[in-house]
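Colleague: I have a few questions about this one before I set anything up. Can we go through it piece by piece?

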Amino acid sequence: MYSRKDIERYIDFVKNGEGYEEDYLHLKEECKKRKYFYHGKPLPFAYQPLLVSDKDDETFNYITKMTYSIVSKVTNRYVKDEDYRKLFNYSKFEEKMILHVPLCKTDVPMARFDIFYESEDNFKFCEINTDGSSAMIEDLNISTLLMESKIFNDLAWNFRSYELFDSWVNYFIENYYKDTEKELKTVLIADFNEAGTQNEFVEFQKHFEKMGIKCIIEDIRELKYNKNENALYSNGVQIDAVYRRVVMSDLREHLEDSSDFVDAYLNDAAYFVGPFRSQVVHNKVFFAILHMDETKEFLTDEENDFINKHIPYTIRFEGDEEFFNNIVKHKDKYIFKPCNLNASRGVYLGREYSTEEFIIKAREDFNKDYIVQEFVERKTIPFLKLINGKWSIIDLGNMIGLFSYFGKFSGIYARMGEDDIIKTTGGYITAPAIRY
């Protein structure tokens, strides 16, 4: 990273200073007291942020702008070109939801572009999240703790975090009025209770209500659609706009008891942010389609060059026996991912298995909605780790998620881990992005 020398300065300051071990342990206790939890456990973090230099910030703006341009063009081609649409192999229900012309004129208002990052020239994509993008609350919680730390006070580097809540609310309101010219009184944050990140929803709710807009958090199954009025209701309150957090895969599984929500969307009973068109590029098969001639032909030379350099080579994990045997032969070069699951579920590396073990494992997923992708070696950052009361330095792989709000780079969610696959289910830390 461009800030590597400053990272080393930060680490040396902590290692050679006094009182930082106790301060870190105090912050960890504060994390528990304030209930900064994920899946019932305190958020894991180090006594060190992801330091973002001005040059890094400039690079992240460039990556977001370029990626958003590609995402928009692919989505547009999917909607307009029936032959191109067939490459994605979406179900009839998914296609119907995607093709509906929404009130929101921005196809992908919310996205998180996840990359492995070293520098402006040395980065590769992990995945793209455009459906239910999340983790803003984790960055907020840990950045709040570190902003109170002794090290931040002692260094006085003008530390400042990215703001991910007010900025989203402001973009949301601005685009609502631009697209509808109607008064905005009530916003609904919509997901299934068991799937949604409730503490994050509550934080967004606070920021909407700070702007004088009533914000309701409701399970999609409890919503009511009034056909005669063409209106969507939550406990008798009419909804003007929906901040959609439910992902397509979850909705598909609960269609029978989510029909009112679906009908409201298809009949424009409210302003939905975001539209289900975001699903076009959310599926991991998108990376495979980017490398196809059918996509290259309508992108610019600069965009195609960006893809060749930074999007790992990806193909569907399907075909005949010759294809399968060739993958087995070169298994150590690849990572295998289900097309439409999140949180690293179902992801595994060919190098983790012996040939015999891999054949058994891969047979289960072959021709079953999986992709095979070039494995990207970890991009590491030195991080502090307190071991038996003393500071050590370990190299952690990074996964840096760049938030795109209506096409604008707006902030970061960064995970660090010692393993080749950085999973939110364990073995990782949250490293809040801090400019200085």
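**Going through the model**

Modeller: I'll begin with a loop residue: K35 is found in the loop between α2 (20-33) and β1 (37-38). Keep in mind that this is a predicted model.

Colleague: What is the phi of K35?

Modeller: Phi of K35 is positive, about 60 degrees, although K35 is not a glycine. Most residues other than glycine have a negative phi.

Colleague: And is K35 buried or exposed?

Modeller: K35 counts as exposed because its relative accessibility is 59%, and the cut-off for exposed is over 50%.

Colleague: Which residue other than glycine also has phi near 60 degrees?

Modeller: N367 has a positive phi near 60 degrees and is not a glycine. N367 sits in the loop between α17 (355-365) and β17 (370-374). With a relative accessibility of 43%, N367 counts as partly exposed.

Colleague: Backbone again. Where is the cis peptide bond?

Modeller: The cis bond joins V273 and G274, with omega about 0 degrees. Most peptide bonds are trans. G274 lies in the loop between β13 (271-273) and α12.

Colleague: What about α12, where is Q279 in that helix's range?

Modeller: Helix α12 covers residues 279-282, and Q279 is in it. Q279 counts as buried because its relative accessibility is 0%.

Colleague: Which residues does Q279 touch, leaving out those up to four places away in sequence?

Modeller: Q279 touches Y90, I98, T130, D131, M248 and N340.

Colleague: Change of topic, the whole chain. How many helices and strands?

Modeller: The chain has 17 helices and 22 strands. Its C-alpha trace spans about 70 × 60 × 40 Å along the principal axes.

Colleague: What does the radius of gyration say against a compact globule?

Modeller: A compact globule of 436 residues would have a radius of gyration near 22 Å, and the chain has 22 Å, so the two agree.

Colleague: What share of the residues is buried?

Modeller: Buried residues are 56% of the 436 in the chain. The chain exposes about 19100 Å², and carbon and sulfur atoms supply 45% of that area.

Colleague: How about contacts, what share joins residues at least 24 apart?

Modeller: That share is 74%, taken among contacts between residues at least 6 apart in sequence.

Colleague: On to strands. How many residues of β4 are buried?

Modeller: Strand β4 (residues 110-117) has eight of its eight residues buried.

Colleague: Which residues are on each side of β4?

Modeller: M110, R112, D114 and F116 are on one side, and A111, F113, I115 and Y117 are on the other. Both faces are covered. In a regular strand the side chains alternate between the two faces of the sheet.

Colleague: Which strands is β4 joined to by six bridges?

Modeller: Six bridges join β4 to strand β19 (residues 390-405), running antiparallel. Another partner is strand β5 (residues 123-129), also antiparallel and joined by six bridges. D114 stands opposite G401 in β19, while F116 has K124 in β5 as its bridge partner.

Colleague: How many residues lie between β4 and β5 in the hairpin?

Modeller: Five residues lie between β4 and β5 in that hairpin.

Colleague: You mentioned K124. What does K309 touch, leaving out residues up to four places away in sequence?

Modeller: K309 touches F123 and K124. K309 is in helix α15 (residues 301-310) and is partly exposed, with a relative accessible area of 49%. The C-alpha atoms of K309 and N122 are separated by 8.8 Å, although these residues are 187 apart along the chain.

Colleague: Last one. What is the order of the open sheet with three strands?

Modeller: The order is β3-β22-β6, with mixed pairing. The edge strands, each pairing on one side only, are β3 (50-52) and β6 (160-161).

Colleague: In what sense do β6 and β22 pair?

Modeller: β6 and β22 (residues 433-435) pair in the antiparallel sense over two bridges. The bridge partner of S161 in β22 is I434.

Conventions. Residues numbered from 1 in each chain as written. Predicted model: local features only at pLDDT ≥ 70, side-chain atom pairs only at ≥ 80, totals over all residues. Heavy atoms only, no water. Helix = DSSP H or I, 4+ residues; strand = E, 2+ residues; numbered from the N terminus. Rg over C-alpha atoms; globule rule 2.2 N^0.38 Å. Buried < 20%, exposed > 50% of the residue type's maximum accessible area, 1.4 Å probe, protein only. Contact = heavy atoms within 4.5 Å. Areas by Shrake-Rupley, 256 points an atom, 1.4 Å probe, with all protein chains shown as cover. Pairing = 2+ DSSP bridges.
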